[in-house]
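User: I would like a close look at one part of this protein, with its surroundings described residue by residue. Please keep it plain.

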Amino acid sequence: MKKIFSNPGSVEKDAKQRLSFPDFLMMEHAAQGMADYIVKNYPSVQKILVLTGKGNNGADGFALVRLLLEKQKSDFYIFTFDSPVTSEGKVQFDICRKLSESYPIDFIDEQKLFNLLKIKTKDELLIVDCIFGTGFKGELSDGVKKILCQVNKTECHKLSCDVPSGLHADGTLCREAFCADVTLTMGCDKLCFYSDCAKSCTGKIITLNLGIPDSAFFGNNEEIACKIEKNDIKLPYRKKSDVHKGKFGHTAVFSGDKGGACILSAEAAFYSGSGLTSIIESAESELSKFKISPHLMLSKILPKKTTCIVSGPGLVSYKSDVDKIIQQYFNNEDKRHAAVFDAGCFDRKELIEKIEQYSNREGNEIVLTPHLYELSRFCKLVKEIHPDAGYTEDDINVEKLSNSCETKIKVGKALNKIFPNAALVMKSAYTFIAYREKIYIVTDGAQNLAKGGSGDVLAGITGSLLAQGYDALEASVTACEAHALASLKYGPQEFDFSPEKLIQIIKEEFK
């Protein structure tokens, strides 16, 4: 897992003080890292336009141009929004000015900038955003908005230095923020990248080393979250040979009004390694309308050897008989209890009170998987039960949950205190997992998952892993990351992605 920091400026400042690392040397490493990336990835680009601001982000841009002069056969253009005000900015600007007398560096005005944006092919131009860094606050000026609006419309390569200009520290975004294909961030990963709206402007995120080993750079600064990576997933390989189906758990999925949802969850559970998988029938789901694979068992009662229940997918009108079955399952004190609560489970105060009881029992492994609209409704009901829940009505507004990373973390940690043995999976463009007041972020999911049924598949995978003995955090991390990686394999922009295709890729992923 990769550490993520909410205040990267203080981490950098602390590293400089502790290690007596001068500003110019850290800047040199930042510029060198960007230069190396450009040489490797854009070797044939004809023109490089660097947009600079008045601070040290702009200074990085000037240093970048200097370092590329002998390595890149391109023409260089610099547009400065404001004259440098920092000492490093003034030095780097002065160096570039003097070099422009002998090298192809053109300091351009606004008219020439707009002419430069009239390109015919994408490889003709690379734009590097060095306007604002991590300290940006407030709104973009009209002048910056005007230019970035045209820049964002231009079909060319776009790269941001450290943070896309217009992205705030809490993850909220200005309307005309620079939209990068790649963000080369300096020193450490930053929380602001992982709001939903930030996903539209950061592009691929690559962290550059600033000449200091990570452990020394981070020092004693505490991360606010951890980014889940591919090697963090723990797939349920069957390493022992002397086993039978009972060794790999029994996942029971409750059917609801929309019967297809529970079938998708059950299929996902089966192909994620569950030794046995049952669908608990209800009259409302009309399962006879569906083609159900013979490896899925149908039952009107909960099988005695159930090791995990999945409730919520397709459950619009929650029935009291489901409540009773769930309560009976958790009242059996002779066994470990595991459950996934999804979708329809977050609409009923009575059930939420029961889930709280279940999650307060040591040894129970519970995962809650709401998307943000469900999370908002869930939080309102929790607040009726616990008026001092630790968040405000404003915090649980869906738009704020989506676009403010810090708000999502605040709400996640507050719910962890109320549901202590439950992992909370907050599904969105970036999925946040809150468990025992620690935050984990899944960043690999693609937009093709924005289809009905994707969440049902995730609930099934999670339930299967819990059934096989995973704890709540392990199941959440592995299920969410495997689900996300599967979406990337199909093609992020494809519009015909379906839950069935997702399950097919999961079958391959879990081989």
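Predicted model: local features only at pLDDT ≥ 70, side-chain atom pairs only at ≥ 80, totals over all residues.

Leaving out residues up to four places away in sequence, which residues does Gln 92 touch?

Analyst: Not counting residues up to four places away in sequence, Gln 92 touches Met 27, Glu 28, Ala 59, Phe 62, Ala 63 and Arg 66. Gln 92 itself sits in helix α4, which covers residues 87–99. Its relative accessibility is 4%, and because buried means under 20%, Gln 92 counts as buried.

The partner helix comes next. Helix α3 spans residues 56–68, and its axis comes within 8 Å of that of α4, the two crossing at roughly 30 degrees. Angles under 35 degrees count as roughly parallel, so α3 and α4 are described as roughly parallel to each other. Their crossing is left-handed. On the α3 side the contact is made by Asn 56, Ala 59, Phe 62, Ala 63, Val 65 and Arg 66. On the α4 side Gln 92 is joined by Glu 88, Gly 89, Phe 93, Ile 95, Cys 96 and Leu 99. Sorted by class, this contact has 8 nonpolar, 3 polar and 2 charged residues.

Helix α12 (residues 372–385) and helix α14 (residues 405–418) have axes that come within 12 Å and cross at roughly 50 degrees. That angle is why α12 and α14 are oblique to each other. The crossing of α12 and α14 is left-handed. From α12, Leu 372, Leu 375, Phe 378, Cys 379 and Val 382 meet Lys 408, Val 411, Leu 415 and Ile 418 of α14. This contact has 8 nonpolar residues, no polar ones and 1 charged residue.

With residues up to four places away in sequence left out, Leu 415 touches Leu 375, Phe 378, Cys 379, Val 382, Tyr 391 and Leu 424. The largest nonpolar core has 57 residues, and Phe 341 and Leu 415 are those with the most contacts inside it. Apart from that core lies another, of 44 residues, among them Ile 263, Ala 268, Ile 503 and Ile 506. In soluble globular proteins, nonpolar side chains tend to be buried together.

Asp 456 lies in helix α15 (residues 454–467), and its relative accessible area of 13% is why Asp 456 counts as buried. Leaving aside neighbours within four places in sequence, Asp 456 is in contact with Ala 261, Leu 264, Ser 265, Pro 313, Gly 314 and Asp 342. The C-alpha atom of Asp 456 is separated by 9.7 Å from that of Thr 369, although the two residues are 87 apart along the chain.

Most residues other than glycine have a negative phi. Ala 343 has a positive phi, near 40 degrees. It is found in the loop between β15 (338–342) and α11 (349–359). Ala 343 is buried, with a relative accessible area of 15%. Glu 437 also has a positive phi, near 65 degrees, and is found in the loop between β18 (431–435) and β19 (438–442). With a relative accessible area of 36%, Glu 437 is partly exposed.

Definitions and conventions:
Residues numbered from 1 in each chain as written. Heavy atoms only, no water. Helix = DSSP H or I, 4+ residues; strand = E, 2+ residues; numbered from the N terminus. Buried < 20%, exposed > 50% of the residue type's maximum accessible area, 1.4 Å probe, protein only. Contact = heavy atoms within 4.5 Å. Core = buried A, V, L, I, M, F, W, Y, C linked by side-chain atoms within 4.5 Å. Axes fitted to C-alpha atoms, helices over the stretch in contact; angles between N-to-C directions. Parallel < 35°, antiparallel > 145°, perpendicular 65-115°, else oblique. Left-handed = near helix turned anticlockwise from the far one by under 90°. Nonpolar A, V, L, I, M, F, W, Y, C, P; charged D, E, K, R; others polar.
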